[in-house]
Amino acid sequence: MDELFFSFQDSLIPDEEIDELGVKIGGEIQSMKDAASMGYSDDRASINLPFDNKAVDRVKEVVEDKKELNPSYLVVVGIGGSIRGTKAVQEAVSGKLRNQRDSGMKVLYACNPDPYIIRDIKGIMESILEKKDNVVLNVVSKSGTTTETMANFQLLVDLLKEHRQDYRRYVVATTERDSGLWNLASKEGFDLLEIPGKVGGRYSVYSPVGLFPLAMLGVDIDELLKGARIMRDRCLKSEIRDNPAVFGSIVTYLHHRGGNSIYNLFLYSEDFESIGGWYRQLMAESLGKEYNNSGERVFEGLTPLTCIGSRDLHSMAQLLLGGPYDKLTSFIKVEGEDSMVSVPVNPRYSCLVDGIQGKSLGFIIDAIYEGVKVSFRNNKRPFTEVVLPDRREASIGEFLQYKMMETMYLGSLLDVNPFNQPNVESYKKETRRILGD
Ligand code: PA5
């Protein structure tokens with residue numbers, strides 16, 4: 001298997017209902033196909049990011065320049081869609097413990113303006129800079145006006161300035177052309193990377209937002225985008241059974257309509273936890289809407305939930321199997337990685353748990369996974385499955401592209417705009433007013 005494998009057979013939705021919706025969604029598949037040939041002019045513009053060679057070349061040029069500085073740390077400053085995709089891909093591909101495990105460049109994410117975490121990031125940066133090692137700072141904000149990001153950035157760039165006369169060389173700003181940040185970065189002489197106007201934060205991982213930091217950290221962005229392109233084309237297909245984004249959106253929509261409005265993304269890997277965080281934003285911000293496309297007040301939305309297998313079985317399984325029938329679970333699993341680490345064979349310990357002596361941890365987690373699926377079936381709990389062939393860039397690239405397009409199709413079925421976030425903007429405006437006062 002070298003592509004993602006999808007199974008909807010346990011979704012408990014009858015074929016006739018799916019086919020009925022398949023007709024309804026035909027118009028949106030056509031609009032998506034049209035958008036595929038419209039560059040960055042349609043709201044669905046992000047589906048064309050994986051094909052933008054010019055943007056990739058520019059990212060690689062800046063990466064080459066910054067790598068010449070031989071930085072020991074990359075600090076990414078951003079929030080929401082401007083940082084979640086990067087962290088999701090980086091951890092999925094290279095592991096949550098990459099900083100501790102590898103000797104190369106390390107990464108820190110400055111997201112929350114939480115004084116404790118920023119104090120610690122500042123402290124780490126300070127000790128690196130005092131040792132005469134280098135730090136590259138990548139500030140990412142499409143609007144260039146997000147309070148949290150600008151506060152963190154100003155603070156950290158000031159620190160760089162204190163320690164390096166040529167601090168400008170160490171800063172890369174990723175933003176929309178002509179934003180306040182764009183203008184400041186131009187004046188300051190920071191390197192600039194552009195986010196296309198029609199690409200919203202939560203759909204921007206394949207723009208320089210994600211590509212620059214990921215390439216800096218050694219993620220193969222060509223392979224990532226290759227996977228995204230394969231899935232983009234798969235999710236434009238008219239036949240709904242060949243199009244996982246359409247099929248997934250129909251199943252999710254029908255469950256929502258039937259009262260299962262909690263969508264539980266159950267990821268079977270510690271390193272996929274940040275994919276859960278990325279997806280939570282994608283689903284919540286794209287589909288949680290006060291008004292529908294006709295301007296009627298609908299209070300629409302599904303509530304995303306993330307679980308990590310198998311550890312969260314020890315906190316959530318009771319609710320998932322015994323609690324209310326209000327959830328659809330989507331299991332995400334990687335195929336065939338069972339031989340890396342094994343439980344030693346030790347007769348003195350064999351009294352503890354039957355059946356684990358000499359077994360690999362992959363084998364054990366697979367057995368737990370199969371057991372959970374049987375329990376779900378026995379308890380009539382609906383679920384879908386996505387199996388990734390591995391956790392390499394192309395597979396992760398495929399998965400994120402699938403989820404973004406599924407969300408767009410869901411937006412169409414729910415009759416809401418999946419690209420805006422009017423209620424988020426309202427709190428940002430109020431915050432600026434209060435701070436201004
Ligand atoms: O998806 C979105 O649009 C948001 O989550 C934004 O990414 C987030 O609010 C940060 O905005 P900005 O990139 O303008 O700083």
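Author: Let's start with helix α9 (residues 208-216), which is mostly covered: nine of its nine residues are buried. This is a predicted model, where local features need pLDDT of at least 70, side-chain atom pairs count only at pLDDT 80 or more, and totals for chains, interfaces and linings use all residues. Residues are numbered from 1 along each chain as its sequence is written, and side-chain values use heavy atoms, with hydrogens and water left out.

Reader: What makes a residue of α9 count as buried?

Author: Buried means under 20% relative accessible area, with exposed over 50% and partly exposed in between (1.4 Å probe, protein chains only). P208, L211, F212 and M216 are among the residues of α9 that are buried. Just after α9, G218 takes a positive phi of about 90°.

Reader: Why is the pair F8 and F247 called tilted?

Author: Rings of Phe, Tyr and Trp (its six-membered ring) pair if their centres lie within 6.5 Å; planes under 30 degrees apart count as stacked, over 60 as edge-to-face and the rest as tilted. The structure holds 16 such aromatic pairs. For F8 and F247 the centres are 4.8 Å apart and the planes are at 45°, so this pair is tilted. F8 sits in the loop between β1 (5-7) and α1 (15-24) and F247 in helix α11 (residues 244-257), so the pair ties together parts 239 residues apart in sequence. Both F8 and F247 are buried.

Reader: And what makes F331 and F376 edge-to-face?

Author: Their ring centres are 5.1 Å apart and their planes are at 70°, so the pair is edge-to-face. F331 and F376 are buried too. They also belong to one aromatic cluster with F266, Y268, Y369 and F383.

Reader: Why do you say the ligand lies between domains?

Author: Domain 1 (5-34 + 224-421) and domain 2 (45-219) both give residues to the shell around the ligand, so it lies between them. Those bounds come from an automatic or database domain assignment.

Methods
Helix = DSSP H or I, 4+ residues; strand = E, 2+ residues; numbered from the N terminus.
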